[in-house]
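Thank you all for coming. I would like to take a few minutes to walk through one model, going helix by helix and then turning to a few single residues.

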Amino acid sequence: MENLDTLKEHVSIPLFDRDQITTSIAHIGVSNFHRAHQAFYINELIEKHNVLNSGICGIDLLDSDRKTYNVLKDQDGLYTLITKDASGLHKPQIIGSIVEYFFGPENPMAVIERLAHPGIKIISLTIAEDGYHLNETTGEFNQKHPAVAEEVTNPFNPKTVFGYLTQAFKLRKLRGLTGCTILSCDNIKNNGETMQHSFFNYVSKNEPELLPWLKQNTRFPNTMVDRITPVTQHKDIDALKKEFLVEDQWPVVCEPFASWVIEDDFFEAKPFWEKVGVQFVKDIEPYQNMKLQLLNAGHSVLGILGTLHGYKTVHEAANDDDFILFLTSFIEKEVSPTLVDAENISIETYKTTLISRFKNPNINDSLSRICSESSAKIPIFILSTLDSQLQNNKDINHIAFIIAAWCKYNDGIDDQGNTYDIIDSISNTLIRMAARSLQNPTKFLEIESVFKTLRTHTFFTEKYLKYLSYLRSHHIKESIIAFNGNKI
Ligand code: CS2
């Protein structure tokens with residue numbers, strides 16, 4: 001990565017002078033997704049529209065991010081984004097919008113100072129569905145989380161995003177500065193509001209005198225983010241070196257499709273991101289529902305059902321006609337009735353593109369990525385649809401089947417006899433309750449943090465129990481075929 005000029009014959013390189021860039025965005029959680037999405041959009045903004053004050057300061061806070069921190073530091077924040085379409089066209093592009101990079105565990109005060117700097121106008125986040133530490137049942141911030149318990153006794157060495165933000169905003173207040181916009185880019189409903197709720201709840205418990213200032217000095221727009229970005233594999237690194245002569249220790253692969261919709265509710269004037277296709281809207285709801293309930297739910301369906309069969313990737317499951325028939329009929333009968341069209345987006349077009357996005361064989365997205373943290377994903381992606389359908393006395397057969405299949409998924413063994421890991425922060429509970437459901441089939445529904453009171457809803461449980469019993473004695477493929485043919 002040292003000599004960008006020598007690469008330009010093979011890949012596109014940033015056409016701007018990175019030394020001229022100033023930073024106005026701090027991003028916490030420099031994931032593959034961030035690097036394929038926001039950092040890509042900002043790179044376009046700087047390159048095509050010369051918005052030089054849009055640089056990103058990348059920040060990671062978890063010990064487990066040390067390896068990625070070392071790589072990005074080594075590469076001066078540069079990395080290759082490899083966009084792969086279904087026809088096999090690979091377009092590598094070096095992204096230069098991350099111009100600074102900080103690592104919390106190495107120097108927490110430097111991170112706090114950077115977040116407190118008045119030049120930072122937007123603090124964006126990808127901290128994953130389970131990073132908001134909200135107790136699903138009470139709606140309260142989970143003060144008992146070990147990282148939170150540790151940082152409240154040592155506030156200048158924070159562990160969570162909430163601890164860092166609290167210290168940074170205390171400094172801003174003390175220095176007579178203003179606040180900024182906090183932009184959640186995670187796949188959760190009303191992600192901005194959720195962040196605000198978690199953060200304000202945390203502050204009211206741990207630093208209550210900061211709260212009135214924060215209320216006046218911050219904004220939390222909701223967003224919808226979309227671009228399929230798999231985990232980087234060794235073969236991507238090797239192919240980049242062999243085919244394009246680029247030595248990158250951690251490139252990112254993604255699909256051509258990208259979309260970003262944001263509520264127009266910024267602390268200061270909204271940024272010029274419309275120039276690169278970002279859509280600013282008044283109300284995120286129709287956009288987020290469409291995306292979470294179609295794409296993310298579709299992923300979870302293929303992930304759970306596909307893993308049970310023995311498939312390893314999204315495209316394998318999406319290219320199986322029985323699986324896709326099940327998915328499309330779930331979408332038509334149970335998801336579509338809960339969605340409404342919104343400005344500049346047609347649900348019908350999104351649905352059609354979705355299936356070809358899933359089928360793209362070059363993305364190689366692993367079902368283990370999709371199924372990871374399902375206990376946080378299923379309530380957002382699938383149970384919200386169930387709620388609306390139940391409220392309107394509409395069809396819920398597919399969802400009952402999917403939840404029954406998820407129970408069986410937690411047995412950890414596929415129909416070929418191979419085992420797989422359950423990657424989830426509550427994996428012990430999932431595995432235990434799935435095992436106990438062999439004797440007592442409603443047991444799995446007793447996981448309150450996921451299902452709340454669903455087990456008391458007999459209209460749902462009757463169907464769920466019927467499918468669970470069928471799934472326990474048949475392979476998933478047979479069960480899907482029977483379901484599709486209205487035999488169960
Ligand atoms: C996936 C998402 O994590 C998941 O389960 O559905 O990461 C998905 O790939 C992105 O939201 C695409 O926009």
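Predicted model: local features only at pLDDT ≥ 70, side-chain atom pairs only at ≥ 80, totals over all residues.

Residues are numbered from 1 along each chain as its sequence is written, and side-chain values use heavy atoms, with hydrogens and water left out.

Let me begin with helix H20, which spans residues 476–484; helices here are DSSP runs of H or I with at least four residues, strands are runs of E with at least two, and both are numbered from the N terminus. Which residues of H20 are buried? They are Ile476, Ser479, Ile480, Ala482 and Phe483, where buried means under 20% relative accessible area, exposed means over 50%, and partly exposed lies in between, with a 1.4 Å probe and protein chains only. Seen down the axis of H20, these buried residues fall within an arc of 165 degrees, so they line one face of the helix; the arc is that of the directions from the helix axis to the C-beta atoms. As background, an α-helix has 3.6 residues a turn, so residues three or four places apart point the same way.

What do the buried residues of H20 pack against? Their partners are helix H10 (285–309), helix H12 (321–335), helix H16 (397–409) and helix H19 (458–473), with contact meaning heavy atoms within 4.5 Å.

Of these partners I would like to take up H19, whose axis comes within 8 Å of that of H20 and crosses it at roughly 140 degrees. Axes are lines fitted to C-alpha atoms, for helices over the stretch in contact, and angles run from 0 to 180 degrees between N-to-C directions. H19 and H20 are therefore oblique to each other, given that angles under 35 degrees count as roughly parallel, over 145 as roughly antiparallel, 65 to 115 as roughly perpendicular and the rest as oblique. On the H19 side the contact is made by Tyr467, Tyr470 and Leu471, and on the H20 side by Ile476, Ser479, Ala482 and Phe483. Sorted by class, this contact of H19 with H20 has six nonpolar, one polar and no charged residues; Ala, Val, Leu, Ile, Met, Phe, Trp, Tyr, Cys and Pro count as nonpolar, Asp, Glu, Lys and Arg as charged, and the others, Gly among them, as polar.

In the segment after H20 lies Asn486, which has a positive phi of about 55 degrees although it is not a glycine. In general, most residues other than glycine have a negative phi. Is Asn486 buried or exposed? At 70% relative accessibility, Asn486 counts as exposed.

Next comes H9, where Asp236, Leu240 and Phe244 are buried. These three cover an arc of only 40 degrees around the axis, which puts them on the same side of H9. The buried residues of H9 pack against strand S3 (79–84), strand S4 (90–95) and strand S10 (252–254), whereas the face turned away from the buried side carries the exposed residues His234, Lys235 and Lys242. Just after H9, Leu245 takes a positive phi of about 60 degrees.

Leaving aside neighbours within four places in sequence, Pro230 is in contact with Asn32, Val253, Cys254, Ile363, Asn364, Asp365 and Arg369. The C-alpha atoms of Pro230 and Ile363 are separated by 6.8 Å, although the two residues are 133 residues apart along the chain.

Finally, His133 sits in the loop between strand S6 (122–125) and helix H5 (146–153); its phi is near 50 degrees, a positive value in a residue other than glycine, and His133 is buried, with a relative accessible area of 15%.
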